[in-house]
Amino acid sequence: MPPRTRGGDISSAPCRRPTGSKRRRRVQLREVEPAVDRDPVEHPQHDRDETEEVFEGVPGGPIDGSILRSFHNHVAAKIWLGEDRAPLKLVNHGAKLQLWELDAERSRIYETVHRSGLTPLTSCSHRVASRPMLSAFCERWQPETTTFHLPFGEMTITLDDVASILHIPVTGSMISFSQPLRVDDANALLVELLGTTNVEASRETEQCRSPSVRLLWLRDHFSTITDVSSDDDIEFATRAFLLHLVGCTLFADKSATSVAIVYLDLFRDLSMVGSYAWGAACLAYLYRQLTTATRFEVRQLGGYLTLLQAWIYEHFPEMFSSPDLSYTES
């Protein structure tokens, strides 16, 4: 092959890929064709479900109904349309925790509870929760983003907040249940882990009409156990106390009187209670309760409301109102 010259034929030369800088220069030198008005052509959207309902925006709220798809059922949407909802009924068991305290006569139970990492729950719960304030924040909760939509942006409760406010474990084994607990299995757990009889277990679940036990029932049957009781009774009372504790705090449900028996299985091995990520489970449960309470027809809010209220006071201190101790009635 004859040597190539600057002006010679290069048709037989091997092709080389242009460098990035050459490609950019080439793009810059291209002329842009002027836009030409053409008749709009409607293309059928075969991939879209014809039965899928697209919701329009809400005045004062989202302008694109395809982003927050459930907003049409949100209490905030109803408020913009002129409907209002009374403050939510709050499920708060802060006062009930003081009905079952671990004093010096129950030091063996206290030691096991202390090793579980849940001891802070016995003293940090608020006895009173603010219905107007928590209802107002619930109206600003968005299930799709799991955040509060506020005038200046979005905020949410994080695991760091849980650890800072509650001082309970936020890392460890995940708390989850593969399927709902049947009543027969719930009765079997009460017999095995709390030492009750089949008759007592069946009577309690029948009264609750669910695989649950009343908080009052736990206190009546196990709060009298002391250090002089048998080892088995102390073990049963420890499990009952822990079930009562999480039922009053982390997993407070809208029954307002009972706790699900499914959590009792977490206390089967008392030496492993501290290995669970209780803070993560508490936060997930509160997220679900907030999501449910955003529906206009819902009238109650469950979950650990001390966490929600303390988080509001931490980030919005102007929301905190202290009682006027100098007030006297004339």
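The model is predicted. The protein has twelve helices and seven strands, and 39% of its 330 residues count as buried. Among contacts with a separation of 6 or more, 74% join residues 24 or more positions apart.

**Contact of H5 with H12**

- Helix H5 spans residues 131-138 and helix H12 spans residues 305-315; their axes come within 11 Å and cross at roughly 85°.
- Because angles of 65 to 115 degrees count as roughly perpendicular, H5 is roughly perpendicular to H12.
- On the H5 side, the contact involves Met133, Leu134 and Phe137.
- These residues meet Leu305, Leu308, Gln309, Trp311, Ile312 and Tyr313 of H12.
- By class, the residues of the contact of H5 with H12 comprise eight nonpolar, one polar and no charged.

**Contact of H7 with H10**

- The axes of helix H7 (residues 183-194) and helix H10 (residues 231-248) come within 9 Å, with a crossing angle of roughly 130°.
- H7 contributes Glu192, Leu193 and Leu194 to the contact, and H10 contributes Phe236, Arg239 and Ala240.
- Four nonpolar and two charged residues form the contact of H7 with H10, with no polar residue.

**Largest pocket**

- The largest pocket holds about 380 Å³ of space.
- Its lining includes Ile175, Ser176 and Phe177, together with Phe251, Asp253 and Lys254.
- Tyr263, Ala281, Ala284, Tyr285, Arg288 and Gln289 also line the largest pocket.
- The lining of the largest pocket divides into seven nonpolar, two polar and three charged residues.

**Cavity**

- The count of cavities of 30 Å³ or more comes to one.
- About 50 Å³ of space lies in the largest cavity.
- Val91, Asn92, His93, Gly94 and Ser125 are among the residues that line the largest cavity.
- The lining of the largest cavity also includes Cys248, Thr249, Ala252, Gly303, Tyr304, Leu305 and Thr306.
- Five nonpolar and seven polar residues make up the lining of the largest cavity, with no charged residue.
- Leu305 of H12 takes part in the contact with H5 and also lines the largest cavity.

Methods: Residues numbered from 1 in each chain as written. Predicted model: local features only at pLDDT ≥ 70, side-chain atom pairs only at ≥ 80, totals over all residues. Heavy atoms only, no water. 1 Å grid on protein atoms, 1.4 Å probe; cavity = no way out; pocket = protein on both sides within 12 Å on 5 of 7 lines; lining within 4 Å. Points joined across faces, edges and corners; volume = space filled by probe spheres on them. Nonpolar A, V, L, I, M, F, W, Y, C, P; charged D, E, K, R; others polar. Axes fitted to C-alpha atoms, helices over the stretch in contact; angles between N-to-C directions. Helix = DSSP H or I, 4+ residues; strand = E, 2+ residues; numbered from the N terminus. Parallel < 35°, antiparallel > 145°, perpendicular 65-115°, else oblique. Contact = heavy atoms within 4.5 Å. Buried < 20%, exposed > 50% of the residue type's maximum accessible area, 1.4 Å probe, protein only.
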